[in-house]
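This report describes one protein chain for a reader who has not seen it before. The sequence and the model come first, and the description follows.

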Amino acid sequence: QPHLCRRIEVACLHKGVIRDEIGLIPCPEARYNRSPIVLVENKLGVESWCVKFLLPYVHNKLLLYRQRKQRLNKDELIDVTCTLLLLNPDFTTAWNVRKELILSGTLNPIKDLHLGKLALTKFPKSPETWIHRRWVLQQLIQESSLPTFVKKENLATFPTERVQQIVQEEIEVCNEAAGRYPSNYNAWSHRIWVLQHLAKLDIKILLDELSSTKHWASMHVSDHSGFHYRQFLLKSLISQTGIDCAILEQSPLVSKQIPDLPKDDDEEETATEHHRVVDLSRLLEEEVELSTDLIDNYPGHETLWCHRRHVFYLQHHLNNKLPHNLMRLSPVESSGGTLNDLHLSPAVSHMTQAMDVDGLNDSNKQGYSQETKRLKRTPTQDFLGIEMEHRFIEQILSTSRNVEQARFANAYRKWLVTLSQ
């Protein structure tokens with residue numbers, strides 16, 4: 001059994017090959033006199049017959065070590081904890097032992113990232129694995145807490161290229177775990193943590209994430225955790241950019257430019273590549289359109305209605321914060337115009353519009369009615385948004401025969417009434 005632990009540890013993290021998946025091979029008993037460890041390309045398989053012997057062995061061995069009833073050298077500790085965590089990754093004591101080995105300089109933290117990634121292919125929702133992974137990442141980005149050999153090998157390019165690489169690697173790990181287990185709250189929470197603590201809510205990364213997860217959300221319409229992640233992205237973009245609808249975007253992970261110094265042509269081209277206008281209102285509008293398409297095509301999914309409610313609330317919140325001089329609403333030429341007769345005129349962006357209450361841009365003053373005066377004192381765009389949502393609900397109720405769809409639509413309508421009060 002000790003030799004078997006060593007084989008598993010070597011197979012996982014040595015021989016120059018990083019295993020990307022582990023699995024149990026159904027085999028009730030040992031039929032051949034051979035090792036139960038099977039290696040095929042980058043895959044690691046363990047015959048199931050040996051688990052009932054191996055797991056109690058490594059479990060008891062580690063507990064005896066923690067109780068100081070048995071001595072283990074550092075290599076034995078690494079082998080035992082590696083085997084135990086691949087078979088039962090929620091064993092907190094094993095992760096704690098590996099933390100001590102990392103802090104002592106015995107174990108390279110990069111190996112624990114590989115071990116955790118491999119364990120997540122078999123146990124994608126393991127909370128202890130995600131917790132330990134965050135701890136390791138914190139050690140990697142805190143130079144003062146790392147041993148000397150780790151500083152030299154892994155921190156040469158911190159905090160720019162290496163941080164970007166780690167962020168992308170963690171996003172890939174979260175993608176795989178979310179695909180293996182539906183509504184994987186732990187994976188999506190880890191993804192949020194990575195954006196907050198490693199990417200520092202960089203606007204470019206937030207926009208890339210919003211774009212890259214759109215297809216995933218369309219293919220997993222019942223995964224509330226995935227839609228909650230998109231809500232987090234939208235809220236973060238709003239909080240990062242304040243109340244302006246058009247802002248300059250620059251990544252903090254890119255070397256900062258000093259605005260007061262003159263730049264040559266190459267520097268200006270580079271700066272242009274890292275800057276672009278972000279239209280928050282348009283992003284929210286596109287999210288509502290996505291919600292509309294999904295609700296129409298996949299009726300009866302409560303996740304989609306909850307997501308629409310959240311996105312509309314963000315629109316409502318953003319519209320109330322927008323400066324009124326960024327919005328314009330022009331009345332139609334007919335003198336008896338009502339709310340349904342009004343049309344929106346594009347201003348700064350698709351949704352940042354307001355009513356020209358003084359009629360400065362309209363030569364026909366007859367369109368300035370009592371309805372227009374009422375709109376002058378209220379958030380016009382927000383009022384129109386609520387009206388459009390009510391029309392959407394009426395369309396759903398009149399066309400859909402799905403009982404759950406009708407129930408969710410009525411609940412959404414009641415929520416809109418409370419919002420408009």
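D202 counts as buried, at 2% relative accessibility; buried means under 20% relative accessible area, exposed over 50%, and partly exposed in between (1.4 Å probe, protein chains only). D202 sits in the loop between α9 (185-197) and α10 (203-219). Its C-alpha lies 8.6 Å from that of Q240, and the two residues are 38 apart in sequence.

The model is predicted: local features need pLDDT of at least 70, side-chain atom pairs count only at pLDDT 80 or more, and totals for chains, interfaces and linings use all residues. Residues are numbered from 1 along each chain as its sequence is written, and side-chain values use heavy atoms, with hydrogens and water left out.

**The chain as a whole**

The chain has 17 helices and seven strands. Helices (H or I, at least four residues) and strands (E, at least two) are DSSP runs, numbered from the N terminus. Of its 421 residues, 46% count as buried. The accessible surface of the chain is about 22200 Å², and carbon and sulfur atoms account for 51% of that; such areas come from the Shrake-Rupley method with a 1.4 Å probe, and for residues only the protein chains shown count as cover. Among contacts (heavy atoms within 4.5 Å) between residues at least 6 apart in sequence, 67% join residues at least 24 apart.

**Strand β3 and its partners**

Strand β3 (residues 43-47) is largely enclosed by the rest of the structure, because four of its five residues are buried. Two strands pair if DSSP finds at least two bridges between them. Strand β1 (residues 21-25) pairs with β3 in the parallel sense, over five bridges, and I22 stands opposite L44 in β3. Strand β2 (residues 37-40) runs antiparallel to β3 and is joined to it by four bridges; here I37 is opposite V46. β2 and β3 form a hairpin with two residues between them.

Most residues other than glycine have a negative phi.

E41 belongs to the turn of the hairpin.

Rolling a probe the size of a water molecule over the atoms shows where empty space is left. On a 1 Å grid over the protein atoms alone, a pocket is an open set of points where a 1.4 Å probe fits, with protein on both sides within 12 Å along at least five of seven lines; lining residues have an atom within 4 Å of a point. The second largest pocket has a volume of about 220 Å³, the volume being the space filled by probe spheres set on the points, which are joined across faces, edges and corners.

Which residues lie nearest the centre of this pocket? They are I18, H114, K117, R133 and E169, out of 13 lining residues. Helices α5 (109-122) and α8 (161-180) each supply at least two residues of the lining, and α8 gives the most, with five. The lining divides into four nonpolar, two polar and seven charged residues. Ala, Val, Leu, Ile, Met, Phe, Trp, Tyr, Cys and Pro count as nonpolar, Asp, Glu, Lys and Arg as charged, and the others, Gly among them, as polar.
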